[in-house]
Amino acid sequence: QVQLVESGGGLVQPGGSLRLSCAASGSIFSINAMGWARQAPGKQRELVAVIISGGSTNYADSVKGRFTISRDNAKNTVSLQMNSLKPEDTAVYYCNADIYNNPLRLRGYWGQGTQVTVSS
């Protein structure tokens, strides 16, 4: 089995910064894409940022220029640096990863989520 464990959420004032981290552990042969999604109350889950194993990244338009995703392939971790936070960034943030458990088996995994609240 594979576990994704997020950390770093919390309460921050508008304009502030937070850094989320996620560590993957368990039956891991290799990791393809890793990313972050978020879900605000009453809204659908949306993909915020993704980074593939080669380092290419993609961001939702709503966070471009403010959020930065990075990963450490040696440690199987992914981070999301969030700057210039806005109240509309308030949501539960989920880590996700496409992981090869063996050379032939690719599966998607999700973390439990961490709450980010942007409020004065």
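Predicted model: local features only at pLDDT ≥ 70, side-chain atom pairs only at ≥ 80, totals over all residues.
**Entry 1: the first pairing**

I began with strand β1, residues 2-7, and found that six bridges join it to strand β3, residues 18-26, the two running antiparallel.

**Entry 2: from β3 to β8**

I next followed β3 to strand β8, which covers residues 77-82; six bridges join them, and they run antiparallel. Which residue of β8 stands opposite Leu20? I found Leu80 in that place.

**Entry 3: from β8 to β7**

I then turned to β7 and β8, which are joined by six bridges and run antiparallel. Arg71 has Val78 in β8 as its bridge partner, and Ile69 stands opposite Leu80 in β8. I noted that β7 and β8 form a hairpin, with four residues between them. In the turn, Asn76 has a positive phi of about 55°.

**Entry 4: the sheet as a whole**

I could now write down the order of the sheet. It is an open sheet of four strands in the order β1-β3-β8-β7, with antiparallel pairing. Which strands lie at the edges? They are β1 and β7, the latter spanning 67-72, and each pairs on one side only. From one strand to the next, the twist averages 15°.

I also wrote down a general rule to keep in mind when viewing strands: in a regular strand, side chains alternate between the two faces of the sheet.

**Entry 5: the disulfide**

I searched for disulfides and found that the structure holds one. It joins Cys22 to Cys95, with an S to S distance of 2.1 Å. The angle about the S-S bond is -75°, and the link of Cys22 and Cys95 is left-handed. What does this pair tie together? Cys22 lies in strand β3 and Cys95 in strand β9, residues 91-102, so the link ties together parts that are 73 residues apart in sequence.

Are the two cysteines buried or exposed? Buried means under 20% relative accessible area. Cys22 counts as buried because its relative accessibility is 1%. Cys95 counts as buried as well, because its value is 0%.

**Entry 6: Ser79**

I listed its contacts, leaving aside neighbours within four places in sequence: Arg19, Leu20, Ser21, Trp36, Thr68, Ile69 and Ser70.

**Entry 7: the nonpolar core**

I looked up the largest nonpolar core, which has 31 residues. Which residues have the most contacts inside it? They are Trp36, Leu80, Met82 and Tyr93. The elements that give two or more residues to this core are β1, β3, β4 (30-39), β5 (46-51), β7, β8, β9 and β11 (114-118). Of these, β9 gives the most, with five residues.

I returned to Leu80, already noted opposite Leu20 and opposite Ile69. Not counting residues up to four places away in sequence, Leu80 touches Leu18, Arg19, Leu20, Trp36, Val48, Ala49, Phe67, Thr68, Ile69 and Tyr93. Two members of that list, Trp36 and Tyr93, I had met among the residues with the most contacts inside the core.

**Entry 8: the whole chain**

How many helices and strands does the protein chain have? I found zero helices and eleven strands. The radius of gyration is 14 Å, close to the 14 Å that the globule rule gives for 120 residues, so the chain is as compact as a globular protein of that length.

Taken along the principal axes, the C-alpha atoms fill a box of roughly 45 × 25 × 25 Å. Of the 120 residues, 38% count as buried. I last looked up how far apart in sequence the contacting residues lie. Among contacts between residues at least 6 apart in sequence, 56% join residues at least 24 apart.

How values were computed
Residues numbered from 1 in each chain as written. Heavy atoms only, no water. Pairing = 2+ DSSP bridges. Axes fitted to C-alpha atoms, helices over the stretch in contact; angles between N-to-C directions. Disulfide = S-S within 2.5 Å. Buried < 20%, exposed > 50% of the residue type's maximum accessible area, 1.4 Å probe, protein only. Contact = heavy atoms within 4.5 Å. Core = buried A, V, L, I, M, F, W, Y, C linked by side-chain atoms within 4.5 Å. Rg over C-alpha atoms; globule rule 2.2 N^0.38 Å.
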